[in-house]
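Reader: I'd like to learn how to read a ligand site and a ring pair. Could you walk me through them?

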Amino acid sequence: MRVIRKSTYEEASMACAELIASQIRLKPDCKIGLATGSTPVGTYKALVDMYKAGSLDFSKVTSANLDEYRGLGGDHDQSYRYFMNTNLFDHVNIDKNKTYVPNGLEADAEKACTDYDKILESLGHLDIQLLGIGGDGHIGFNEPADAFCVNTQCIDLEEQTIKDNARLFFNGDMSAVPTQAYTMGIGYIMKSETVILMATGAGKKDIVEKAFCGPVTPYVPASILQLHPNVVVIGDEAAISDAVVAAAK
Ligand code: F6R
């Protein structure tokens, strides 16, 4: 595990964008796993700036997103497809036909999950998977559970996750946050060549420490990343404690 600790959110975002950009420059047809939420917004902005400055070409890139709310279509302004379009895809030259997000409008949960797994299988492993971390340690929307879930699943979101998402999105209205989501499984996340977990802000400090310095347990889903051979934790000083820096090997 490598840890990159920067003073500010902006610097951490730039470091994260630089890693992703290097991968794209090294392998223009790379496959990248993307996350939504507040954490990667600065990273996507930096990637858009690089594209606009002519130093980055997304034309051969394929992307697969971690998750989508069950019941929301891509034109719903709180859906994750919409988030990706407005924060990244609409502003760069990526081929949207090669950007994958679980189908939130597929009401048959089993079908939605197997359909997404088929897509992921057809992609093979990803070159880079970008992750945020939930306050309860979730990655993607893999919430704390008795076991790590390998494949794409339909998940009941924890109350804390619904609260967190309402605070940042859905105009603060908890009742508007869908209670279920489709999420890429932890098995596929772990197959990625490199995993970048980005965490910023004091609110993430305890959970990041638990995830990387505590026991590996499905009750802290991100803790499984301790077993991944190539993880980079990027964050600001507020989120990355000295213990996490010391845990880097
Ligand atoms: C989003 C996702 C989630 C978020 C996590 C942190 O696609 O998979 O795991 O990364 O909930 O969200 P923020 O960044 O809003 O704190």
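Reader: Which atom of the ligand does the polar side-chain atom of Thr36 lie by, and at what distance?

Author: Happy to start there. To read a polar contact, look for N or O atoms within 3.5 Å of each other. In this predicted model, a polar side-chain atom of Thr36 lies 2.7 Å from an oxygen atom of the ligand. Thr39 has a side-chain N or O atom 2.4 Å from a ligand oxygen, and for Lys204 that distance is 2.6 Å. Taken alone, the ligand exposes 410 Å², and the protein buries 94% of that.

Reader: How many residues surround the ligand, and of which classes?

Author: There are 14 residues around the ligand, and Thr39, Asp67, His138, Gly140 and Lys204 are the closest. By class, the shell has four nonpolar, eight polar and two charged residues. The space that the ligand takes is the largest pocket.

Reader: Now the rings, please. How many aromatic pairs does the structure hold?

Author: The structure holds six. Tyr69 and Phe141 form a tilted pair, with 6.0 Å centre to centre and 40° between the planes.

Reader: Where in the chain do Tyr69 and Phe141 sit?

Author: Tyr69 is in strand S4 (residues 67-69), while Phe141 is in the loop between strand S6 (128-131) and strand S7 (153-156). The two are 72 residues apart, and the pair links distant parts of the chain.

Terms used
Residues numbered from 1 in each chain as written. Predicted model: local features only at pLDDT ≥ 70, side-chain atom pairs only at ≥ 80, totals over all residues. Heavy atoms only, no water. Near = heavy atom within 4 Å. Polar contact = N/O pair within 3.5 Å; in protein donor to acceptor, adjacent residues only side chain to side chain. Areas by Shrake-Rupley, 256 points an atom, 1.4 Å probe, with all protein chains shown as cover. 1 Å grid on protein atoms, 1.4 Å probe; cavity = no way out; pocket = protein on both sides within 12 Å on 5 of 7 lines; lining within 4 Å. Sits in = over half its atoms within 2 Å of the grid points. Nonpolar A, V, L, I, M, F, W, Y, C, P; charged D, E, K, R; others polar. Phe/Tyr/Trp six-rings, centres within 6.5 Å; stacked < 30°, edge-to-face > 60°. Helix = DSSP H or I, 4+ residues; strand = E, 2+ residues; numbered from the N terminus.
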